[in-house]
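Let's take a walk through a protein together, one part at a time. Have the sequence and the 3D view open side by side, and look up each residue as we come to it.

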Amino acid sequence: MAYYSIFPEKDTTLYSHPDRINMNTGGDEILELVEEKATTGETYFASRILIKFKSTEIRDVIENKLKFYVQAGNGTGAPFTGAEVTPNTVEVSLNLFAGENKRLTSDHTLVAFPLSQSFDEGTQRYDANPPSVTTGSFQPANGATWMHRTMATSSTWAGSGMGASGSYSLQIGGGIWYTGSAFRSETTFLSVDNLDLEMDVTSVIQKYSASFYQSADYPTGIPNNGFIIKKPREIEEDGFGFGQLQYFSSDTHTIYPPKLTFKWDDSFRIPSSLSSGNILRTGDVFLALYNNKGEFQRKSKQRFRLTVRKRYPDRTFVTTSNYLATKYLPRTSYYSVRDAETDEVIIPFDTEYTKLSADSEGMFFDLWMEGFQPERYYKLMFRVDNSLPANTFGETSTNIYDEDYIFKVVR
């Protein structure tokens with residue numbers, strides 16, 4: 001599997017509004033970026049999102065999923081140190097899924113940085129924290145707030161140092177993070193676009209890896225304290241509201257929790273699978289999936305195989321059945337995984353990272369089931385891009401195979 005996702009250990013939203021600077025929302029189903037207007041006056045106060053993934057799970061992906069791919073790719077058989085995990089071998093994205101969004105301005109820019117200090121998630125919710133701090137009476141927070149990293153009143157967000165900074169002129173606090181282009185991820189979109197969030201954090205994971213395996217310190221390596229997601233400072237402090245961007249948190253009861261997705265090219269083809277005489281490029285191709293048991297334990301890895309042949313073989317005089325000959329799809333053939341109930345794309349047709357492999361038995365691909373949400377049904381689809389049009393009438397050279405191949409991931 002060239003896509004593998006892990007899910008957050010913890011997440012929360014920090015609010016700078018004076019009524020909510022001591023409010024914890026670690027148990028809320030929603031993460032949000034919003035600028036709230038002051039109770040009096042025209043000042044707008046921003047919020048920020050904190051999210052963290054377990055170091056043990058990041059290391060598991062590196063050591064047990066990427067390890068063999070990287071070793072095979074370098075051709076040396078040298079011991080795996082983690083240093084091989086670079087943007088040239090793997091891409092890592094931070095994904096959040098949009099909920100209800102309100103009063104959005106036309107365009108948006110979001111940035112993410114790795115946190116330089118740890119935080120406690122807490123268990124409280126937005127609607128369980130009445131905005132009464134202005135009277136000196138509020139529900140004590142049991143996790144991170146704009147003012148504090150943990151429930152301890154002494155655990156304020158410390159000042160800058162060692163490449164780290166925290167900045168917001170309207171309210172002290174709101175997180176401390178590493179700065180600089182090597183630590184910054186950015187995305188820009190319009191309010192009419194798909195508002196799901198995908199940010200490239202490969203360079204940050206590379207620095208986590210250097211810390212894990214080489215004990216490297218800043219700036220080569222940094223500890224995993226999680227990420228902060230926010231608007232750029234100039235937008236947070238421009239005096240205008242940008243609306244309300246909401247995303248599902250790890251406490252959501254939907255199929256849309258945040259995730260950290262690792263992508264790499266694990267495809268492999270034997271030389272005979274590239275021979276033009278063995279490749280079926282055009283015509284009525286029959287494709288069938290086998291090795292699908294229907295249910296898979298979440299801790300398992302499954303190799304799915306495809307049978308490929310012409311649906312109506314050419315009439316020739318041969319001594320063996322045409323159906324026994326191993327045929328292959330072109331190199332430009334891909335798989336995709338969707339949620340069987342909602343049709344949500346879990347793994348897209350990716351021309352870099354979901355290419356089908358081929359060996360002496362035929363076409364195949366691998367999936368680690370732990371990268372999926374358990375107790376859900378998923379559907380497999382396939383795409384073949386032909387290098388030439390299907391016929392002289394200019395029909396598309398792309399074929400999609402959707403035969404309702406369903407499987408379930410169980411706990």
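**A hairpin and its neighbours**

Strand 19 and strand 20 form a hairpin with two residues between them. Before going on, note that this is a predicted model, in which local features need pLDDT of at least 70 and side-chain atom pairs count only at pLDDT 80 or more, while totals for chains, interfaces and linings use all residues. Residues are numbered from 1 along each chain as its sequence is written, and side-chain values use heavy atoms, with hydrogens and water left out.

Helices and strands here are DSSP runs, numbered from the N terminus (helices are H or I with at least four residues, strands are E with at least two). Two strands pair if DSSP finds at least two bridges between them.

How much of strand 20 is covered? Seven of its seven residues are buried. Buried means under 20% relative accessible area, exposed means over 50%, and partly exposed lies in between (1.4 Å probe, protein chains only).

**Stepping back to the whole chain**

The chain has three helices and 22 strands. Of its 411 residues, 50% are buried. Contact means heavy atoms within 4.5 Å. Among contacts between residues at least 6 apart in sequence, 74% join residues at least 24 apart.

Phe189 lets you see such contacts for yourself. Phe189 belongs to strand 9 (residues 185-190) and counts as buried because its relative accessibility is 9%. Leaving out residues up to four places away in sequence, Phe189 touches Ser106, Asp107, His108, Leu110, Leu195, Leu245 and Tyr247. Take Leu110 from that list: Phe189 and Leu110 are 79 residues apart along the chain, yet their C-alpha atoms are separated by 8.8 Å.

Now look at strand 22, which has two partners to explore. Strand 21 (residues 376-385) pairs with strand 22 in the antiparallel sense over nine bridges, and Tyr378 has Phe407 as its bridge partner there. Strand 15 (residues 295-297) pairs with strand 22 (residues 398-410) in the parallel sense, over three bridges. In this pairing, Gln297 stands opposite Val410.

**The largest pocket**

Next, some empty space. Rolling a probe the size of a water molecule over the atoms shows where empty space is left. On a 1 Å grid over the protein atoms alone, a cavity is a set of points where a 1.4 Å probe fits but cannot get out, and a pocket is an open set with protein on both sides within 12 Å along at least five of seven lines; lining residues have an atom within 4 Å of a point. Grid points are joined across faces, edges and corners, and a volume is the space filled by probe spheres set on the points.

The largest pocket has a volume of about 510 Å³.

Strand 1 holds Ser5, which is buried because its relative accessible area is 8%. The side chain of Ser5 makes a polar contact with the side chain of Thr261 (3.0 Å).

Most residues other than glycine have a negative phi, and most peptide bonds are trans. In the loop between helix 2 and strand 11 you can find Ser215, whose phi is positive, about 55°, although it is not a glycine. Pro219 lies in the loop between helix 2 (202-214) and strand 11 (227-230), and a cis peptide bond with omega of about 10° joins Tyr218 and Pro219.

How values were computed
A polar contact is a pair of N or O atoms within 3.5 Å; within protein, one must be able to donate a hydrogen and the other to accept it, and residues adjacent in sequence count only if both atoms are side-chain atoms.
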